[in-house]
Number of protein chains: 2
Amino acid sequence: MPIQKPSLPKGTRDFGPVQMAKRNFILDTIKETFKLFGFQQLETPTMENLSTLTGKYGDEGDQLLFKVLNSGDFLKNVEKEDLGLGANKILPKVAEKGLRYDLTVPFARYVVMNRNEITFPFKRFQIQPVWRADRPQKGRYREFYQCDADVVGTDSLVCELEILLMIKRVFAHLGISDYSIKINNRKILTGIAEVIGESGREGELCVAIDKLDKIGWTKVQEELQQRNFSQDAIEKLSPVIELAEGNSSKFEVLKSYLVDSEVGMAGIEELEEVFDLLKQYGENESHVDFDVVLARGLSYYTGAIFEVKVNNVSIGSVSGGGRYDNLTGVFGLEGVSGVGFSFGVDRIYDVMEELNLFPNQQADNTKVLITYFDEEGFKYGLGLLGKLRVAGISSELYPESAKIKKQFTYADKKQIPFVIVLGDNEIKEGKVALKNLETGNQEMMDIATAIELLK
Amino acid sequence: MPIQKPSLPKGTRDFGPVQMAKRNFILDTIKETFKLFGFQQLETPTMENLSTLTGKYGDEGDQLLFKVLNSGDFLKNVEKEDLGLGANKILPKVAEKGLRYDLTVPFARYVVMNRNEITFPFKRFQIQPVWRADRPQKGRYREFYQCDADVVGTDSLVCELEILLMIKRVFAHLGISDYSIKINNRKILTGIAEVIGESGREGELCVAIDKLDKIGWTKVQEELQQRNFSQDAIEKLSPVIELAEGNSSKFEVLKSYLVDSEVGMAGIEELEEVFDLLKQYGENESHVDFDVVLARGLSYYTGAIFEVKVNNVSIGSVSGGGRYDNLTGVFGLEGVSGVGFSFGVDRIYDVMEELNLFPNQQADNTKVLITYFDEEGFKYGLGLLGKLRVAGISSELYPESAKIKKQFTYADKKQIPFVIVLGDNEIKEGKVALKNLETGNQEMMDIATAIELLK
């Protein structure tokens, strides 16, 4: 066989030990939080039938699906004349499966297929990779992890509360302190459109208002004019644009602003209820900001809308979600509403790198390497190794005879914090020399003492 | 959009909450063991270039690779006249990527691509799904997990020792007690072929001897005759066939049997050394059986060969591995030898189901559900929920007002072991009623007491 220089497909990555330790730090924190809140894990297959995936993500999404060639003679249904019809026509004849594009559609499929076994309200979390044939660029990959939690089968606002609480817990445990959870309600946006006399146009309204931070109110007004919003409507928007900071003051202003919109007032009531629940739970409002122009893929959401932004970093939004009314309708099961949320693991990773928040010592790592000078030391070390592991201490014995310097280099490169050195003295006295590689301190001690120190 | 009845691709599975909890019990045990022994995690992409995968698994393997259609106009390089050439000729024009078939080839690729950054000896573990377009049948899936640990860059027999130790630890923690780790050495097989005068034919020899258990010695002799082994050779095999039980007695017989084969004696020496290391480490020989006819995909292995069988279950072999000489040669890096091992997670799962070994209460699960009769109870419960979670207790509040029976059914179906019931009395006295759903015991107590009990 000719020798190949191996490479990775565009937009894909290996995660070596250092990255895996960091990724696991994030994922374990999230998983632990999901479980603390009673969410249960689901995993769905990498491949789904194309009939399940197609048409769920818009035309662009269909293009970005990775399709898997039928196995065996994939051409058996293709005729010569088919070739002229183009790739889209031939596709169904050569591929019936595709790679998971997100975790929501497989979840909906799972709920429909297992509706009789599932206990509702169903709290599920799912942490798996997804694939998109996007053009790869910095921070955008063709394979990346999603990390979703959803509750379906209840419209209780406790679910919204729990999303806020889970985000706060995860960020606190990751050490990210400067962030804000923006929260809004689709009904408030609908109400605003009503109040300004442009009922049903909240979508366009949001696209324009969303740019407020970037381009300012004057430019936003120009855009609204171009979109044929009336001058009167644009003027009526002012109170929304000029809202002062502070959740309670925003509620106050909007309660009189939306007083004539039933749906708008319902949105306010829901959102206020979430804040009330937060207080009753014993948690404060810090990091939670009512953002009346937050819209996020408006077409999906029917109630609460969430987005998390980390401040003072190049990547802003690191997660989002909201309440939806009809998750499973496309698969024939109506009336399953729910609320969901997704942590952007890759983005959180980048944010933590940028802010230098990863712990220096990964909990996962080997705690101590046993080094030795000769065969005698090796044998002594082997017995010691068993004792350390029984005590639950991740430990290694350098596996072959080598200069002590080489053994230390191994510990150093693998970021092992402690080294045990076994020389004639240690062996003779039945002790160990334990060296802390960070401080350089080395001390001779009993094996039991060393085990206590390393634990 | 027309309503679809969703389904799963053939040979793939969803893992719902119950299965996930059981799978995680197995995977967490294995992961924890790998880390205790200083192995570091690697993850490689789902898609690999077909140039990386093709030709590594034999012709049959190439057929079983799932291929991913090139994105965009996948037909752009296909001419009408190409169609007559058949699927194999057109394949390279429409697909340049495939799904991971095992974890070994991606590991080899990773080592070659990162050889300058890796600290050798490199102890890596990898737990990821793989895909094979096999015909699905009971116990055989098109997507399944592999769970590998390898050490590359050293020929120290400490690695073989650690494989034995890791298997013993994993099985002990899983509660599987009736199993045996069969161990052999390729050099011993080579030596036997030499001694019987059929040098180089250890492959064929093993295929025949492997059936000893099933068909008996007489039939095996017939098969060897058909394969043109000389009568003299077959007779010389007798001592190997008639080996008495017991590792040390096998070593004794084979040391005189193989005395004229240098390579055979080297194999014996290596294997004896592994048993010596086991003793020095402080571990006994239980479960470890020298099996002189164990061969397992002989072509790969150059030293130790392992296989684990669980006794008295329908599925026998649940994991295996061995030492190989040239992992990365095909990618242009010679001289990287190592030893590796793979736990068959799906098979271990089936074995544990068959032996009823999964713990009744999954550690992952919600520990307590807070139930209540009215709005007052809901509010009281919400504050309680916060306290439970701060104490690290996985807990839920039933999210919407419902009959108490419905709330209990939820706890029951979700296998939540404890329920807190909040009635007027509890609320008035600032206490809780804690009910153990298994025993039926219910007791009123302080919140602090309940937290201590649930912890």
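Biologist: Which strands does helix α15 of chain B lie across?
Modeller: This is a predicted model, to start with. In it, helix α15 (residues 375–390) of chain B lies across β12, β13, β14 (418–422) and β15 (431–436) of chain B. The helix runs at about 165° to β13(B).

Biologist: And helix α16 of chain B, what does that lie across?
Modeller: Helix α16 (residues 404–413) of chain B lies across β12, β13, β14 and β15 of chain B. Its direction is given against β12(B), at about 175°.

Biologist: What is the strand order in the open sheet of chain B?
Modeller: The order is β13-β12-β14-β15-β16 (chain B), five strands with mixed pairing. The edge strands are β13 (395–397) and β16 (442–446) of chain B, and each of them pairs on one side only. On average, neighbouring strands of this sheet are turned by 25° against each other, ignoring direction.

Biologist: In which sense do β12 and β13 of chain B pair?
Modeller: Parallel, over three bridges, with β12 of chain B covering residues 368–372. Within β13(B), B:S395 is the residue opposite B:V368.

Biologist: Switching to chain A. How many helices and strands are there?
Modeller: Chain A has 17 helices and 16 strands.

Biologist: What is the radius of gyration of chain A, and what would a compact globule have?
Modeller: Chain A has 29 Å, while a compact globule of 455 residues would have a radius of gyration near 23 Å. Along the principal axes, the C-alpha atoms of chain A fill a box of roughly 90 × 70 × 45 Å.

Biologist: How much of chain A counts as buried?
Modeller: Of its 455 residues, 58%. The accessible surface of chain A is about 19500 Å², and carbon and sulfur atoms make up 47% of that.

Biologist: Is strand β9 of chain A largely enclosed or left open?
Modeller: Strand β9 (residues 301–310) of chain A has eight of its ten residues buried, so it is largely enclosed by the rest of the structure.

Biologist: Which strands is β9(A) joined to?
Modeller: Strand β7 (residues 179–185) of chain A is joined to β9(A) by seven bridges, and the two run antiparallel. There, A:Y179 is opposite A:V310. Strand β10 (residues 317–324) of chain A also runs antiparallel to β9(A), with six bridges. In that pairing A:Y301 has A:Y324 as its bridge partner.

Biologist: What sits between β9(A) and β10(A) in the hairpin?
Modeller: Six residues, and A:N312 in this hairpin takes a positive phi near 60°.

Biologist: Which other residues of chain A have a positive phi without being glycine?
Modeller: Among them are A:N356, at about 60°, and A:Q415, near 55°. Most residues other than glycine have a negative phi. A:N356 is in the loop between α13 (345–354) and β12 (368–372) of chain A. A:Q415 is in the loop between α15 (404–413) and β14 (418–422) of chain A.

Biologist: Are those two buried or exposed?
Modeller: A:N356 is exposed, because its relative accessible area is 66%. A:Q415 has 46%, so it counts as partly exposed.

Biologist: Back to strands. What does β4 of chain A pair with?
Modeller: Strand β2 (residues 47–49) of chain A pairs with β4(A) in the antiparallel sense over three bridges. Strand β3 (residues 67–69) of chain A also pairs antiparallel with β4(A), over three bridges. A:G98 in β4(A) stands opposite A:E48, and A:K67 also stands opposite A:G98. Four of the five residues of strand β4 (residues 95–99) are buried, so this strand is largely enclosed by the rest of the structure.

Biologist: Where is the cis peptide bond at A:P121?
Modeller: The bond runs from A:F120 to A:P121, with omega near -5°. A:P121 is in the loop between α5 (104–113) and β5 (122–131) of chain A. In chain B, the bond from B:F120 to B:P121 is cis, with omega near -5°.

Biologist: Last one. How many disulfides are there over all chains?
Modeller: Zero, counting cysteine sulfur atoms within 2.5 Å as a disulfide. For A:C147, the nearest cysteine sulfur is that of A:C159, 18 Å away. A:C147 is buried, because its relative accessibility is 0%.

Technical notes:
Residues numbered from 1 in each chain as written. Chains lettered and ligands numbered in written order. Predicted model: local features only at pLDDT ≥ 70, side-chain atom pairs only at ≥ 80, totals over all residues. Heavy atoms only, no water. Buried < 20%, exposed > 50% of the residue type's maximum accessible area, 1.4 Å probe, protein only. Pairing = 2+ DSSP bridges. Axes fitted to C-alpha atoms, helices over the stretch in contact; angles between N-to-C directions. Contact = heavy atoms within 4.5 Å. Rg over C-alpha atoms; globule rule 2.2 N^0.38 Å. Areas by Shrake-Rupley, 256 points an atom, 1.4 Å probe, with all protein chains shown as cover.
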